[in-house]
Amino acid sequence: MSDANGTRVGYVLKRYPRYSETFIVNEILALEAAGVEIEIFSLLPPTDGHFQDIISRVKAPVSYLEYAGIKTLDFWEAFKLASQAYPNLWLCMRDAVNEEHEIVYQALLLANAIRDKGLHRLHAHFASAAAGVAMLASRFAGVPYSFTTHAKDIFHNNVNSDDFNRKLLNAETVVTVSDYNVDFLQTKYGNSAQNVKRIYNGIDLDRFTFKPPQWNQNEIVAVGRLVEKKGFDDLIRACAILSERNIEFNCRIIGTGELLDDIRNLIKHFDLVGKVELTGPQPQCEIIKHVQNAALFAAPCLVGLDGNRDGLPTVLLEAMALGTPCVSTDVTGIPEAIRNNDTGLLVSQRNPRGLADAIEKLLGDFDLRLRIAQSARRLVESTFDVKQNSAALRNIFCGDPQKRKEPVTAAL
């Protein structure tokens with residue numbers, strides 16, 4: 001295990017904190033517990049009205065690299081400060097050709113922070129603006145950068161392949177969250193993606209205590225943003241099928257999003273008011289209670305018409321850890337966690353009838369629910385423990401302590 005003492009990492013995020021990105025918070029907390037010193041840099045201020053309670057445990061200070069309303073004078077002032085510390089800055093600016101001006105400005109601010117805060121390296125989440133800023137700041141300041149790429153930043157139709165390829169080539173290491181993603185990236189980008197490593201998103205097992213299913217439960221629970229890729233409209237249709245079959249159930253969907261009105265109207269259309277409840281966003285402590293007291297967890301994920309899809313939903317792993325049997329779909333990295341008839345049930349995407357069949361099967365077979373719950377917990381403990389997975393990331397950050405670079409200091 002590499003020594004983390006003295007390693008200072010700048011985490012670059014598009015927006016922090018965000019209600020839906022508990023996987024980043026889990027990662028930061030595990031790294032901090034292992035002795036990695038972290039500074040968080042957010043390109044944008046938070047906009048969510050709700051935040052997960054674990055955010056309060058993060059020790060890392062947060063700096064906002066805001067660009068809204070900047071003037072030309074602000075840009076050149078940031079450039080002047082950076083050029084005093086980094087004499088080769090003019091040469092490095094060649095790498096900023098064709099970049100958006102706000103990306104360059106934020107990279108200059110970040111380069112100055114690398115000097116001021118004595119950072120050894122940068123790590124970004126998502127191969128979008130955050131990775132772009134980290135890449136340029138890394139070039140300006142002469143420190144390595146890495147990034148974790150997840151799902152939308154890989155698969156969405158608007159992903160710029162040339163830009164993604166450049167980020168791959170310039171990163172010391174690229175992390176992604178499933179073997180499916182590794183195969184996809186290496187197939188699409190060839191040699192540029194040879195440095196991609198799979199590190200699963202981990203969960204804190206101390207917070208997700210296993211509780212065996214209870215035989216008399218009949219509640220279906222689902223958690224996530226109300227967006228196309230989550231497949232919640234298929235869940236509503238599956239509930240309509242269950243209702244036609246006179247299956248006793250209640251369904252609770254926790255979250256909010258752009259499709260709220262559409263899903264609410266679909267519930268009314270299928271006369272499911274009272275059987276399907278939209279509870280809005282909830283703090284994680286409440287989500288844990290709802291998931292743990294449910295008969296099963298449903299994650300009917302799909303590939304959106306715009307190419308967007310989930311990588312491997314963290315909330316699915318959390319449900320598995322809690323002892324709640326899961327039904328999901330065979331898209332992207334999900335089969336790496338949900339092994340059909342072993343750690344959960346898998347159906348094809350966009351298949352409400354198959355989803356209804358799987359839900360009915362679990363609701364009617366307590367022994368199956370118990371067996372799946374126990375098997376799922378064992379898999380989570382062996383493969384998705386955040387302490388274990390963050391150790392792999394820590395090794396990337398720390399490397400050989402004898403070869404670790406000293407932080408950049410201001411030129412005299």
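What unit do β1, helix α1 and β2 make? Together they form a right-handed β-α-β unit, with α1 spanning residues 22–33; right-handed here means that, with the strands pointing away from the viewer, the path from the first strand over the helix to the second runs clockwise. This is a predicted model, in which local features need pLDDT of at least 70 and side-chain atom pairs count only at pLDDT 80 or more, while totals for chains, interfaces and linings use all residues. Residues are numbered from 1 along each chain as its sequence is written, and side-chain values use heavy atoms, leaving out hydrogens and water.

Helices (H or I, at least four residues) and strands (E, at least two) are DSSP runs, numbered from the N terminus. Two strands pair if DSSP finds at least two bridges between them. β1 runs parallel to β2 (residues 37–44), joined by 7 bridges, and Y11 has I40 as its bridge partner in β2. β1 also runs parallel to β4 (residues 121–125), through 4 bridges; there, V9 is partnered by R121.

Let us turn to T343, located in the loop between β12 (326–329) and β13 (345–347). T343 counts as buried because its relative accessibility is 2%. Its side chain reaches the backbone oxygen of A337 at 2.7 Å, a polar contact being a pair of N or O atoms within 3.5 Å, where within protein one must be able to donate a hydrogen and the other to accept it, and residues adjacent in sequence count only if both atoms are side-chain atoms.

Technical notes. Buried means under 20% relative accessible area, exposed over 50%, partly exposed in between (1.4 Å probe, protein chains only).
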